[in-house]
Amino acid sequence: MKLSRRQILRGAGGIVVGLPFLEALAPHKAFAQSMPQKRFIGIYHPNGVYTPQWFPTGDENNFTLGPIHQSLAPWKSKLLFTSGVDMQVAVSGPGEQHQRGIGAFLTGAKLDTGTFVGNDGSRAGYALGPSVDQTIAGMIGQGTRVPSLQLGVHALLSNVAGVVSYRGPNQPLLAQNDPRVTFRTLFMDSGMPPTEMEKLRVRRRSVLDAVQTQLAALKKSVSKSDQARLDQHLTLVREMENRLTALPPGTCQSPTDPGMVDFEREAEIPTVARLQMDLLTLALRCDLTRVATVMFSDAMNHVAMPHLNITSDIHNLTHYGDGDPERLKVATRDTWQAGVLATLLQELDSIQEMDGSKALDHTLVFWGSDVSRGNVHSHDDMPFMLAGGGAGFRMGRFVKWTNAYHNDLLVSIINGYGGNLTTYGEAAFCRGPLTNLT
Amino acid sequence: MFGLLAGCKPGGQPPIVDPPIDDPRVDCVPSVTPGTPLRLLTRAEYDLTVRDLLGATNRPSRDFPREPLAHGLDNDAVLNQVTGAHVAGYLEAAEFLAKDTLVNRRSAVVPCGTTDQACGELFIATTGLKAFRRPLNAEERANLNTLFTTINATEGFDGAIEVTLQSMLQSPQFLYRDEQALGPVPMPVVTLGGFELASRLSYFLWGTMPDEQLLEAAANGTLDTPEGLEREARRMLADGRSADGMMRFFSQWLYLDGVENTEKNPAVYPQFSPALATAWRASLELFVKDVLAHEGTLSALLTSNVMYTNDAMSMYGPAAPSAAFVRNEMPGTQRKGLLTQPGFLAFKAMPDGSSPVRRGIFVLDQLMCEVPPPPPAGANITPPAPSVSTTTRARFAAHSQSDGCIGCHRFIDPVGFTFENYDGMGLWRDTENGEAIDATGGVKISRDTQVIGDVTGVAELSAKLATSRNVHDCVAKEVYRFALGRSLTQADTCTTTLVGDRFMKSGGNFKELMLAIVQSDSFRRNANPEMTP
């Protein structure tokens with residue numbers, strides 16, 4: 001019988017090996033750029049929120065943060081809350097409400113009809129992407145070590161309910177949940193002596209050149225759709241060759257390897273969240289990546305959060321009525337999530353750009369969910385929070401629309417990164433960029 | 001395929017009614033269905049392939065991206081596409097594997113005692129044949145020879161072997177299975193050549209690359225005749241590796257990863273520990289392997305009285321002195337078949353209780369292929385809160401009475417209620433909160449009238465399912481989908497019907513099922529998607 005990773009990790013005594021804390025060895029200045037670099041981070045939060053404590057009170061420019069967002073108070077002037085933005089595209093189509101919602105969150109698209117089982121169309125396929133993070137990565141991510149990161153914290157499902165990032169229709173990019181792999185992705189080969197590194201580069205160039213000629217050879221004998229897939233593969237190999245042969249940013253030292261963490265266990269959620277977010281902020285500091293999505297569990301979300309004393313299934317907790325004390329535990333989770341984001345904003349606000357501004361002024365953090373309220377599975381009045389100046393929106397506001405389409409918010413986000421779109425995702429749910437943002 | 005549960009129409013989907021099960025359906029003409037595109041090796045396939053190619057047993061694909069699942073299966077060719085993370089993973093794995101092989105198992109790849117150019121070329125031809133699962137064409141051989149010569153000049157022979165091996169392991173000819181047999185002149189329907197068929201066979205039956213004998217059969221034309229194909233397939237099914245192939249299907253069909261990651265509320269189940277969840281998975285895996293090794297039938301899968309336990313699972317009855325698993329043949333009817341295995345029951349449950357719904361849906365969806373549609377928009381699908389004064393059954397029965405729910409739950413719940421003798425840990429119980437368990441229920445509607453009827457407990461339910469033609473059809477269809485690595489279309493219906501028929505007539509023998517799939521037109525031939533209207 002195979003020895004599972006967990007068995008190795010737990011060792012004979014069943015004790016989880018202590019993890020070193022990541023040491024932020026990177027400088028507190030952003031990696032030298034003449035122009036501040038734009039960045040985008042999408043945060044997925046499952047099954048809606050406890051709405052009575054989520055939405056601010058007050059009017060557009062003079063509002064009070066809800067209880068959930070108290071930890072974000074220092075950055076209030078850099079936040080934007082929405083009211084009246086509906087994820088209308090997710091109201092109908094294949095799949096159930098959570099699947100449609102998570103699929104549409106960053107794509108504005110419907111789900112494919114999915115695996116043929118009974119002609120009833122009810123089986124969710126994957127979203128007919130791409131997602132905004134991938135579109136933005138195409139605009140600003142080039143030349144970085146990792147054009148985009150998809151991170152997860154206990155986002156273990158490998159189906160439509162477990163993915164927010166899409167390269168294209170039916171091209172889901174599943175989240176990486178293991179901080180050790182995140183570390184390797186970002187900091188592979190760092191710390192290697194220069195002479196050895198040089199030898200490795202020469203070898204890799206030869207190997208990857210040969211791989212590219214083999215890709216070209218195979219292309220001659222496959223169908224047209226497969227030729228397109230091999231072209232995509234070829235592009236990725238070329239990109240990697242370029243990255244590997246480019247010198248890594250010398251000012252950025254690698255952090256300590258986080259080592260093995262039992263990332264599939266609920267008890268490790270806070271540890272994994274901290275490690276993943278620490279690695280992400282380091283990567284942003286070092287300009288190893290500019291685009292990321294982070295999923296905090298998946299849309300089925302049958303998890304407990306022992307570190308918050310939530311010992312039952314959160315998906316089920318979100319189904320209780322608003323007055324039910326059980327449902328208040330959802331607010332506890334939402335508040336914890338806001339705290340995780342507060343740390344992210346603090347980090348971004350501490351990265352000094354060459355022109356004196358802060359990285360947060362050039363980053364957009366987009367926090368959202370698959371439904372607004374789990375108990376009715378509504379896609380109306382979605383709980384969206386935006387933070388930072390990346391898209392050029394006027395921040396520090398609580399903007400109220402009436403039955404606005406969330407697709408139009410996605411259009412506005414893309415346009416904030418230099419796009420010139422009128423639709424994104426399913427065109428029937430687009431009226432043009434959202435008003436009153438810039 | 002799917003008789004929509006009549007009266008169960010949330011969301012307003014039109015009912016689709018398949019013919020009743022006893023219709024004569026075996027006079028259809030199978031159509032040659034659209035071919036599978038290039039198939040990227042899954043992580044499991046990659047690991048077994050490098051085990052057989054290089055003797056590497058450390059699961060180097062561990063850190064590759066997960067496969068997006070298609071209704072539970074990991075090998076959908078359309079969904080499995082290379083990403084940047086794949087390319088980085090392939091590079092790291094190839095560098096590790098090439099070095100590891102040369103240091104520890106040099107003779108596995110170096111075919112001669114000399115270190116000259118001729119030996120290098122022999123290495124490229126022999127290892128290339130195995131890695132690409134067919135002879136290299138002139139262009140591919142020239143590419144590798146050039147690389148070998150270049151590195152040989154700077155690093156010497158072993159360095160050149162290592163680098164060339166790295167390159168092979170990152171080549172698309174290794175990473176993808178090309179099973180299209182598209183020739184220079186496009187044809188609407190093609191019969192797969194020997195090497196394409198050999199790859200299909202070995203990855204379906206064994207989950208890994210062809211062995212030497214299979215490559216030989218591909219080269220000498222044996223696979224081109226129905227008799228030769230059957231002879232080779234039977235040889236492979238008799239080989240121990242066929243259990244690996246079948247286990248790959250069952251691991252996904254049962255979602256063993258999910259079983260291992262099951263968590264319980266410690267306030268309700270203080271006996272729970274992650275080590276127990278690991279044991280649940282292992283126990284369930286051993287159970288399926290046991291059935292495959294002995295009876296090898298669907299009926300045995302549903303009715304075998306075997307249960308594997310170790311010391312972590314002593315709460316289930318049989319004493320086991322250590323972490324090593326013990327095979328128990330259980331008396332009575334408490335442990336009879338897959339649906340009574342602790343790992344299955346604990347996984348298909350809530351963190352703080354049993355779940356008639358999850359268990360009922362498994363039976364309807366994965367054994368009967370008669371899954372109800374998802375709940376309608378706006379339905380309150382909050383499970384009833386746990387209680388210390390009533391039974392789960394009573395709570396769920398009251399809960400499912402609302403208009404939006406009753407349409408489907410009157411079919412789901414009676415199936416799930418037969419499991420109520422098992423709590424959220426899969427432990428047997430006669431009472432719950434002081435009240436006697438009521439495990440009566442059963443299948444209320446199905447296109448297969450034979451399974452309909454009242455039963456008490458899972459053993460009786462399983463006995464009915466074990467002889468159902470519909471259950472055999474359903475499982476056969478999933479194995480067929482697994483074999484082809486693509487979603488099915490209406491054009492597959494005739495073939496899946498014929499395959500299901502042979503499966504049933506063989507007494508539900510899994511090896512005969514696999515053979516029937518191998519012999520189907522869909523497996524041996526391809527319609528060219530670019531020439532199909």
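**Figure 1. The open sheet of chain A.** Seven strands of chain A form an open sheet of mixed pairing, in the order S5-S8-S1-S9-S10-S4-S11. Strand S5 (149-153) and strand S11 (397-405) of chain A stand at the edges with a single partner strand each, so one side of each has no neighbour in the sheet. From one strand to the next, the twist averages 20°. Helices (H or I, at least four residues) and strands (E, at least two) are DSSP runs numbered from the N terminus, and two strands pair if DSSP finds at least two bridges between them. The structure is a predicted model, in which local features need pLDDT of at least 70 and side-chain atom pairs count only at pLDDT 80 or more, while totals for chains, interfaces and linings use all residues. Residues are numbered from 1 along each chain as its sequence is written, and chains are lettered from A and ligands numbered from 1 in the order in which they are written.

**Figure 2. Strand S8 of chain A and its partners.** Strands S1(A) and S8(A) run parallel and are joined by 5 bridges; within this pairing, Ala292(A) is the bridge partner of Ile41(A). Strands S5(A) and S8(A) also run parallel, with 5 bridges, and here Leu149(A) stands opposite Ala292(A). Is S8(A) mostly covered or uncovered? S8(A) is mostly covered, with 6 of its 6 residues buried. A residue is buried if 20 or more other C-beta atoms lie within 10 Å of its own, exposed if 12 or fewer, and partly exposed in between, the C-beta atoms being placed from the backbone. In a regular strand the side chains alternate between the two faces of the sheet.

**Figure 3. Strands S1 and S9 of chain A.** Strand S1 (residues 39-44) of chain A pairs with strand S9 (residues 363-368) of chain A in the parallel sense, over 6 bridges. Arg39(A) stands opposite Thr363(A) in S9(A).

**Figure 4. Helix H8 of chain A across the sheet.** Helix H8 (residues 269-285) of chain A lies across S1, S5 and strand S8 (291-296) of chain A, and runs at about 160° to S5(A). Axes are lines fitted to C-alpha atoms, for helices over the stretch in contact, and angles run from 0 to 180 degrees between N-to-C directions. Arg274(A) lies in this helix and is partly exposed, with 18 other C-beta atoms within 10 Å. Arg274(A) and Val153(A) are 121 residues apart in sequence, and their C-alpha atoms are 9.4 Å apart in space.

Figure 5. Helix H6 (residues 194-219) of chain A packs with helix H4 (residues 138-155) of chain B at an angle of about 170°, and their axes are 9 Å apart. This angle makes H6(A) roughly antiparallel to H4(B), since angles under 35 degrees count as roughly parallel, over 145 as roughly antiparallel, 65 to 115 as roughly perpendicular and the rest as oblique. Which residues make the contact? On H6(A) they are Ser206(A), Ala210(A), Thr213(A), Gln214(A) and Ala217(A), and on H4(B) they are Glu139(B), Glu140(B), Asn143(B), Leu144(B), Leu147(B), Thr150(B) and Ile151(B). Two residues are in contact if their C-beta atoms, placed from the backbone, lie within 7 Å. The residues of this contact divide into 5 nonpolar, 5 polar and 2 charged; Ala, Val, Leu, Ile, Met, Phe, Trp, Tyr, Cys and Pro count as nonpolar, Asp, Glu, Lys and Arg as charged, and the others, Gly among them, as polar.

**Figure 6. Backbone features of chain A.** Most residues other than glycine have a negative phi, and most peptide bonds are trans. Asn47(A) has a positive phi, near 65°, and is placed in the loop between S1 and helix H2 (51-54) of chain A. Asn47(A) is buried, with 29 other C-beta atoms within 10 Å. Asn403(A), in strand S11 of chain A, has a positive phi near 50°. Asn403(A) is exposed, with 10 other C-beta atoms within 10 Å. Gly129(A) and Pro130(A) are joined by a cis peptide bond, with omega about 20°. Pro130(A) lies in the loop between helix H3 (97-105) and helix H4 (132-140) of chain A.
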